[in-house]
Amino acid sequence: MTRIPRRRPRALILLAAAGLSLAACSATDTTAGADQGRAVPDPGTGHLHGLGIDPADGAVYAASHHGVFRLDGGKATRVVGRYQDTMGFTVTGPSTFLASGHPDPADPEARSPHLGLIRSADAGRTWQTLSAEGEADFHSLVQAGDVLYGFDSQSGRVWASTDAGRSWDRRAKAEAIDLAAHPASATTVWAATGTGLERSTDGGRTFRPVSSAPRLVAVEEPEPGSLVALTADGRVLTGRGEGPWTQLGRLPEGGEATVLTAVSMQRLLAADSTDAVYESADGGRTWMFRHRPATGQEHP
(Lines give C-alpha, C1' and ligand atoms only; values in the text may rest on other atoms or scores of the structure.)
Protein backbone atom coordinates (compact mmCIF):
# COMPACT_ATOMS: atom_id res chain seq x y z
CA MET A 1 0.00 0.00 0.00
CA THR A 2 1.16 3.50 -0.59
CA ARG A 3 0.98 7.21 -0.35
CA ILE A 4 2.53 10.14 -2.25
CA PRO A 5 5.51 10.98 -0.01
CA ARG A 6 5.56 14.31 1.77
CA ARG A 7 8.74 14.91 3.69
CA ARG A 8 8.58 17.03 6.80
CA PRO A 9 11.72 18.72 8.17
CA ARG A 10 12.17 18.15 11.87
CA ALA A 11 11.69 21.83 12.65
CA LEU A 12 8.30 21.86 11.01
CA ILE A 13 7.27 18.73 12.88
CA LEU A 14 8.24 20.24 16.21
CA LEU A 15 6.43 23.48 15.41
CA ALA A 16 3.33 21.53 14.47
CA ALA A 17 3.60 19.56 17.69
CA ALA A 18 3.70 22.73 19.72
CA GLY A 19 0.75 24.20 17.86
CA LEU A 20 -1.45 21.17 18.28
CA SER A 21 -0.49 20.82 21.92
CA LEU A 22 -1.65 24.38 22.57
CA ALA A 23 -4.84 23.75 20.63
CA ALA A 24 -5.55 20.67 22.71
CA CYS A 25 -5.09 22.63 25.93
CA SER A 26 -7.47 25.39 24.84
CA ALA A 27 -10.06 22.83 23.78
CA THR A 28 -10.23 21.16 27.18
CA ASP A 29 -9.79 24.09 29.58
CA THR A 30 -13.24 25.54 30.28
CA THR A 31 -12.36 27.56 33.38
CA ALA A 32 -10.50 30.55 31.98
CA GLY A 33 -13.30 32.31 30.11
CA ALA A 34 -16.06 31.82 27.58
CA ASP A 35 -13.70 31.48 24.61
CA GLN A 36 -11.80 28.71 26.36
CA GLY A 37 -14.85 26.46 26.19
CA ARG A 38 -14.98 26.38 22.41
CA ALA A 39 -14.18 22.99 20.92
CA VAL A 40 -11.36 22.84 18.40
CA PRO A 41 -12.76 21.50 15.09
CA ASP A 42 -11.64 17.96 14.34
CA PRO A 43 -9.39 18.04 11.25
CA GLY A 44 -10.81 14.77 9.95
CA THR A 45 -8.57 12.17 8.40
CA GLY A 46 -6.23 14.46 6.56
CA HIS A 47 -4.08 13.03 3.78
CA LEU A 48 -4.53 9.25 3.51
CA HIS A 49 -1.38 7.13 3.49
CA GLY A 50 -2.58 3.52 3.61
CA LEU A 51 -5.58 1.19 3.66
CA GLY A 52 -6.17 -2.31 4.95
CA ILE A 53 -8.79 -4.82 6.04
CA ASP A 54 -8.57 -6.50 9.45
CA PRO A 55 -9.24 -10.22 8.94
CA ALA A 56 -10.43 -10.42 12.55
CA ASP A 57 -13.72 -8.74 11.70
CA GLY A 58 -13.52 -7.52 8.09
CA ALA A 59 -13.31 -3.85 9.10
CA VAL A 60 -11.62 -1.36 6.78
CA TYR A 61 -8.88 0.80 8.31
CA ALA A 62 -7.36 3.97 6.87
CA ALA A 63 -3.99 5.30 7.99
CA SER A 64 -3.64 9.04 7.67
CA HIS A 65 -1.97 12.30 8.57
CA HIS A 66 -4.19 12.53 11.67
CA GLY A 67 -4.26 8.94 12.94
CA VAL A 68 -5.65 5.51 12.11
CA PHE A 69 -9.37 5.40 11.36
CA ARG A 70 -11.92 2.59 11.28
CA LEU A 71 -14.40 3.02 8.42
CA ASP A 72 -17.95 1.92 9.20
CA GLY A 73 -21.08 2.88 7.29
CA GLY A 74 -19.34 5.77 5.58
CA LYS A 75 -18.10 7.18 8.89
CA ALA A 76 -14.41 7.43 9.78
CA THR A 77 -13.72 6.96 13.50
CA ARG A 78 -10.25 7.72 14.84
CA VAL A 79 -8.92 4.81 16.91
CA VAL A 80 -8.65 5.83 20.59
CA GLY A 81 -8.18 9.49 19.75
CA ARG A 82 -4.58 8.97 18.61
CA TYR A 83 -3.30 11.61 16.15
CA GLN A 84 -0.01 10.03 15.07
CA ASP A 85 0.95 10.70 11.44
CA THR A 86 0.77 7.12 10.21
CA MET A 87 2.72 6.90 6.97
CA GLY A 88 3.65 3.37 5.88
CA PHE A 89 0.88 0.99 6.96
CA THR A 90 0.03 -2.67 6.43
CA VAL A 91 -2.23 -5.27 8.03
CA THR A 92 -0.28 -8.49 8.64
CA GLY A 93 -2.83 -10.60 10.54
CA PRO A 94 -5.96 -10.48 12.71
CA SER A 95 -5.91 -7.13 14.55
CA THR A 96 -2.18 -6.87 13.74
CA PHE A 97 -0.85 -3.75 12.02
CA LEU A 98 2.63 -2.50 11.16
CA ALA A 99 3.21 1.21 10.61
CA SER A 100 5.69 4.04 10.55
CA GLY A 101 5.59 7.83 10.52
CA HIS A 102 5.60 10.54 13.17
CA PRO A 103 4.22 10.65 16.71
CA ASP A 104 1.04 12.30 17.90
CA PRO A 105 2.11 15.97 18.31
CA ALA A 106 0.49 16.04 21.76
CA ASP A 107 2.20 12.86 22.98
CA PRO A 108 4.34 13.85 25.99
CA GLU A 109 6.33 10.60 25.68
CA ALA A 110 7.39 11.17 22.06
CA ARG A 111 11.16 10.87 21.87
CA SER A 112 11.77 11.48 18.17
CA PRO A 113 10.04 12.90 15.09
CA HIS A 114 10.44 9.47 13.42
CA LEU A 115 8.61 6.46 14.85
CA GLY A 116 10.68 3.85 13.02
CA LEU A 117 8.70 0.61 12.79
CA ILE A 118 5.81 0.20 15.19
CA ARG A 119 3.39 -2.71 15.70
CA SER A 120 -0.13 -3.01 17.06
CA ALA A 121 -1.71 -6.31 18.09
CA ASP A 122 -5.07 -4.77 19.03
CA ALA A 123 -6.19 -3.03 15.82
CA GLY A 124 -4.39 0.23 16.47
CA ARG A 125 -5.40 0.83 20.08
CA THR A 126 -1.85 0.49 21.37
CA TRP A 127 1.53 0.40 19.60
CA GLN A 128 4.93 -1.07 20.39
CA THR A 129 8.19 0.21 18.90
CA LEU A 130 10.04 -2.60 17.14
CA SER A 131 13.04 -0.89 15.54
CA ALA A 132 14.66 2.14 13.89
CA GLU A 133 13.04 4.77 16.15
CA GLY A 134 14.50 8.17 15.33
CA GLU A 135 16.05 6.82 12.16
CA ALA A 136 13.53 5.45 9.66
CA ASP A 137 10.38 6.92 8.18
CA PHE A 138 8.91 4.09 6.12
CA HIS A 139 6.56 5.39 3.44
CA SER A 140 5.74 1.89 2.22
CA LEU A 141 5.67 -1.45 4.04
CA VAL A 142 4.94 -4.84 2.51
CA GLN A 143 5.04 -8.30 4.10
CA ALA A 144 6.06 -11.07 1.68
CA GLY A 145 6.03 -14.29 3.67
CA ASP A 146 8.98 -14.22 6.06
CA VAL A 147 10.40 -11.05 4.52
CA LEU A 148 9.27 -7.55 5.42
CA TYR A 149 10.23 -4.77 3.00
CA GLY A 150 10.11 -1.07 3.75
CA PHE A 151 11.01 2.01 1.79
CA ASP A 152 12.69 4.51 4.10
CA SER A 153 12.23 8.10 2.96
CA GLN A 154 15.14 9.29 5.11
CA SER A 155 17.83 7.15 3.47
CA GLY A 156 16.04 6.67 0.15
CA ARG A 157 16.70 2.94 0.44
CA VAL A 158 14.71 -0.26 0.45
CA TRP A 159 15.17 -2.04 3.78
CA ALA A 160 14.53 -5.76 4.35
CA SER A 161 13.90 -7.70 7.55
CA THR A 162 13.69 -11.46 8.10
CA ASP A 163 12.85 -11.27 11.82
CA ALA A 164 9.49 -9.46 11.70
CA GLY A 165 11.01 -5.98 11.64
CA ARG A 166 13.29 -6.20 14.67
CA SER A 167 16.45 -5.77 12.60
CA TRP A 168 17.09 -4.62 9.05
CA ASP A 169 19.40 -4.96 6.08
CA ARG A 170 19.69 -1.71 4.13
CA ARG A 171 19.57 -2.48 0.44
CA ALA A 172 19.32 -0.51 -2.83
CA LYS A 173 18.52 3.15 -3.23
CA ALA A 174 15.29 3.64 -5.16
CA GLU A 175 12.93 6.43 -6.20
CA ALA A 176 10.03 4.47 -4.74
CA ILE A 177 6.56 5.65 -3.85
CA ASP A 178 5.17 2.16 -3.29
CA LEU A 179 6.54 -1.38 -2.97
CA ALA A 180 4.93 -4.71 -3.80
CA ALA A 181 5.99 -8.34 -3.32
CA HIS A 182 4.29 -11.74 -3.00
CA PRO A 183 5.15 -14.50 -0.49
CA ALA A 184 5.45 -17.07 -3.30
CA SER A 185 8.30 -15.09 -4.89
CA ALA A 186 9.55 -12.89 -2.07
CA THR A 187 12.86 -12.03 -3.74
CA THR A 188 10.98 -10.20 -6.51
CA VAL A 189 10.19 -6.64 -5.41
CA TRP A 190 8.31 -4.06 -7.47
CA ALA A 191 8.68 -0.32 -6.93
CA ALA A 192 6.22 2.23 -8.34
CA THR A 193 8.10 5.48 -8.88
CA GLY A 194 5.47 7.91 -10.16
CA THR A 195 7.25 7.95 -13.51
CA GLY A 196 7.17 4.20 -14.08
CA LEU A 197 7.94 0.87 -12.45
CA GLU A 198 11.16 -0.81 -11.33
CA ARG A 199 11.79 -4.47 -10.52
CA SER A 200 14.28 -6.26 -8.30
CA THR A 201 14.86 -10.00 -8.55
CA ASP A 202 17.37 -10.16 -5.69
CA GLY A 203 15.37 -9.03 -2.72
CA GLY A 204 15.75 -5.30 -3.24
CA ARG A 205 19.53 -5.27 -3.61
CA THR A 206 19.34 -3.95 -7.17
CA PHE A 207 16.52 -2.52 -9.30
CA ARG A 208 16.07 -1.97 -13.01
CA PRO A 209 13.34 -0.07 -14.88
CA VAL A 210 10.45 -1.94 -16.48
CA SER A 211 10.41 -0.32 -19.90
CA SER A 212 6.79 -1.09 -20.77
CA ALA A 213 5.26 0.28 -17.58
CA PRO A 214 3.14 3.45 -17.49
CA ARG A 215 3.55 6.21 -14.89
CA LEU A 216 2.46 4.30 -11.77
CA VAL A 217 1.90 5.76 -8.32
CA ALA A 218 0.88 2.48 -6.63
CA VAL A 219 1.39 -1.21 -7.29
CA GLU A 220 0.22 -4.47 -5.68
CA GLU A 221 0.97 -8.14 -6.38
CA PRO A 222 -2.06 -10.05 -5.06
CA GLU A 223 -1.15 -13.19 -7.05
CA PRO A 224 2.34 -14.35 -8.06
CA GLY A 225 3.44 -12.36 -11.09
CA SER A 226 0.06 -10.62 -11.49
CA LEU A 227 0.16 -6.91 -10.76
CA VAL A 228 -2.59 -4.39 -10.13
CA ALA A 229 -1.56 -0.74 -10.30
CA LEU A 230 -2.79 2.84 -10.24
CA THR A 231 -1.83 5.86 -12.29
CA ALA A 232 -2.13 9.36 -10.86
CA ASP A 233 -5.17 10.06 -13.05
CA GLY A 234 -7.03 7.12 -11.49
CA ARG A 235 -6.64 4.41 -14.12
CA VAL A 236 -6.62 0.90 -12.67
CA LEU A 237 -4.28 -1.35 -14.64
CA THR A 238 -3.21 -4.97 -14.60
CA GLY A 239 -0.11 -6.55 -16.08
CA ARG A 240 2.80 -8.87 -15.43
CA GLY A 241 5.57 -6.29 -15.44
CA GLU A 242 7.11 -6.69 -18.86
CA GLY A 243 4.61 -6.70 -21.70
CA PRO A 244 1.24 -5.06 -22.23
CA TRP A 245 -0.86 -3.43 -19.53
CA THR A 246 -4.65 -3.64 -19.55
CA GLN A 247 -6.94 -0.97 -18.14
CA LEU A 248 -9.57 -2.54 -15.91
CA GLY A 249 -11.40 0.59 -14.84
CA ARG A 250 -10.99 3.99 -13.29
CA LEU A 251 -11.56 5.63 -9.91
CA PRO A 252 -14.50 8.02 -9.72
CA GLU A 253 -13.55 11.53 -10.73
CA GLY A 254 -12.08 13.36 -7.78
CA GLY A 255 -8.51 14.05 -6.92
CA GLU A 256 -5.19 12.49 -7.83
CA ALA A 257 -5.02 8.76 -7.09
CA THR A 258 -2.66 8.06 -4.19
CA VAL A 259 -3.31 4.72 -2.44
CA LEU A 260 -4.02 1.15 -3.57
CA THR A 261 -4.43 -2.01 -1.50
CA ALA A 262 -5.29 -5.38 -3.03
CA VAL A 263 -7.00 -7.74 -0.61
CA SER A 264 -7.25 -10.11 -3.59
CA MET A 265 -7.27 -9.76 -7.37
CA GLN A 266 -10.97 -8.94 -7.12
CA ARG A 267 -11.25 -6.93 -3.89
CA LEU A 268 -9.39 -3.63 -4.05
CA LEU A 269 -9.27 -0.50 -1.88
CA ALA A 270 -8.09 2.89 -3.13
CA ALA A 271 -7.92 6.53 -2.10
CA ASP A 272 -7.23 9.85 -3.76
CA SER A 273 -5.99 13.29 -2.80
CA THR A 274 -9.48 14.42 -1.74
CA ASP A 275 -9.16 11.82 1.06
CA ALA A 276 -12.02 9.75 -0.34
CA VAL A 277 -11.84 5.96 0.03
CA TYR A 278 -13.20 3.59 -2.62
CA GLU A 279 -13.74 -0.16 -2.83
CA SER A 280 -14.05 -2.49 -5.81
CA ALA A 281 -15.37 -6.05 -5.72
CA ASP A 282 -14.68 -6.78 -9.40
CA GLY A 283 -10.97 -6.19 -9.78
CA GLY A 284 -11.18 -2.45 -10.30
CA ARG A 285 -13.79 -2.34 -13.03
CA THR A 286 -16.33 -0.52 -10.86
CA TRP A 287 -15.94 1.35 -7.58
CA MET A 288 -18.12 2.41 -4.65
CA PHE A 289 -17.40 5.00 -1.98
CA ARG A 290 -16.38 3.67 1.44
CA HIS A 291 -15.72 7.14 2.86
CA ARG A 292 -16.25 10.72 1.70
CA PRO A 293 -14.50 13.45 3.67
CA ALA A 294 -16.70 16.08 5.22
CA THR A 295 -17.21 19.22 3.12
CA GLY A 296 -14.60 21.78 4.03
CA GLN A 297 -12.40 19.26 5.83
CA GLU A 298 -8.91 20.60 6.35
CA HIS A 299 -6.41 19.16 3.88
CA PRO A 300 -2.78 19.46 4.97
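How many strands form the open sheet, and in what order do they stand? In this predicted model, in which local features need pLDDT of at least 70, side-chain atom pairs count only at pLDDT 80 or more, while totals for chains, interfaces and linings use all residues. Residues are numbered from 1 along each chain as its sequence is written, and side-chain values use heavy atoms, with hydrogens and water left out.

**The open sheet**

The open sheet has 4 strands in the order β5-β6-β7-β8, with antiparallel pairing. Strands are DSSP runs of E with at least two residues, numbered from the N terminus, and two of them pair if DSSP finds at least two bridges between them. Strands β5 and β8 (128-131) are the edges, each pairing on one side only. From one strand to the next the twist averages 30°; such angles run from 0 to 180 degrees between the N-to-C directions of axes, which are lines fitted to C-alpha atoms. Strand β6 pairs with β7 (residues 117-120) over 3 bridges in the antiparallel sense, and Leu98 stands opposite Arg119 of β7.

Most residues other than glycine have a negative phi.

| Residue | Phi | Loop |
|---|---|---|
| Asp275 | about 70° | between β22 (268-272) and β23 (277-280) |

Asp275 is also buried, at a relative accessible area of 1%. Buried means under 20% relative accessible area, exposed means over 50%, and partly exposed lies in between (1.4 Å probe, protein chains only).

**The nonpolar cores**

A nonpolar core is a set of buried Ala, Val, Leu, Ile, Met, Phe, Trp, Tyr and Cys residues joined through side-chain atoms within 4.5 Å. The largest one has 16 residues, and Tyr149, Val158, Ala176, Leu179 and Phe207 have the most contacts inside it. Two or more residues of this core come from each of β9 (138-144), β10 (147-152), β11 (157-161) and β14 (189-192), and β10 gives the most, with 3 residues. A second, separate core of 15 residues includes Ala218, Met265, Ala276 and Trp287.

**Trp159**

Trp159 lies in strand β11 and is buried, with 1% relative accessibility. Beyond its neighbours within four places in sequence, Trp159 is in contact (heavy atoms within 4.5 Å) with residues including Phe138, Tyr149 and Trp168. The C-alpha atoms of Trp159 and Arg171 are separated by 5.5 Å, although these residues are 12 residues apart along the chain.
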